[in-house]
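Please open the model in your viewer and keep the selection tool at hand.

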Amino acid sequence: MPVKFVGDSYDFPCANQVENYGGDINVYVVWDHHLIYCAPNTYRLPPDMKFRDFLEQVFAPDYPQHPDTEKVDWDKGVWQLENEPWQPDLDKSFTENGIAHNSFIRVTTPGLEGMHGVGN
């Protein structure tokens with residue numbers, strides 16, 4: 001669909017730049033087959049945070065109502081970073097795991113297929 005705008009150009013700086021985050025990074029995460037939320041969750045995080053701390057202290061608490069949350073073994077997750085197979089070291093930081101500003105992380109937890117096995 002064509003878009004019309006008033007003016008000579010549609011040129012403006014993107015505000016989602018790492019320099020605008022005070023040393024933090026923006027990270028997008030989706031837990032496949034657990035789509036309580038319709039889109040990846042977005043987190044503003046310190047890049048030196050341990051990945052396991054993020055999963056246990058930040059990510060899992062976003063899903064308190066989901067019955068699979070208590071059953072997750074993150075060490076057995078099947079991971080992707082930027083849609084490529086990836087195996088994080090859960091005890092290393094985001095930076096040490098190659099996670100940067102605006103990275104996209106996807107995880108599948110084998111054996112946990114969402115509420116009633118229907119992927120939500």
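In which sense do β1 and strand β2 pair, and over how many bridges? Select residues 25-31 for β1 and residues 41-45 for β2: the two pair in the antiparallel sense over five bridges. Strands (E, at least two residues) and helices (H or I, at least four) are DSSP runs, numbered from the N terminus; two strands pair if DSSP finds at least two bridges between them. This is a predicted model, in which local features need pLDDT of at least 70 and side-chain atom pairs count only at pLDDT 80 or more, while totals for chains, interfaces and linings use all residues. Residues are numbered from 1 along each chain as its sequence is written, and side-chain values use heavy atoms, with hydrogens and water left out.

Six of the seven residues of β1 are buried (under 20% relative accessible area, 1.4 Å probe, protein chains only).

Now select F94. Leaving aside neighbours within four places in sequence, F94 is in contact (heavy atoms within 4.5 Å) with residues including I25, V27, F51 and I99.

Finally, select T69, in the loop between α1 (51-59) and β3 (78-81). Is T69 buried or exposed? T69 is buried, with a relative accessible area of 17%. The side chain of T69 reaches the backbone oxygen of Y63 at 2.8 Å.

Terms used
Buried < 20%, exposed > 50% of the residue type's maximum accessible area, 1.4 Å probe, protein only. Polar contact = N/O pair within 3.5 Å; in protein donor to acceptor, adjacent residues only side chain to side chain.
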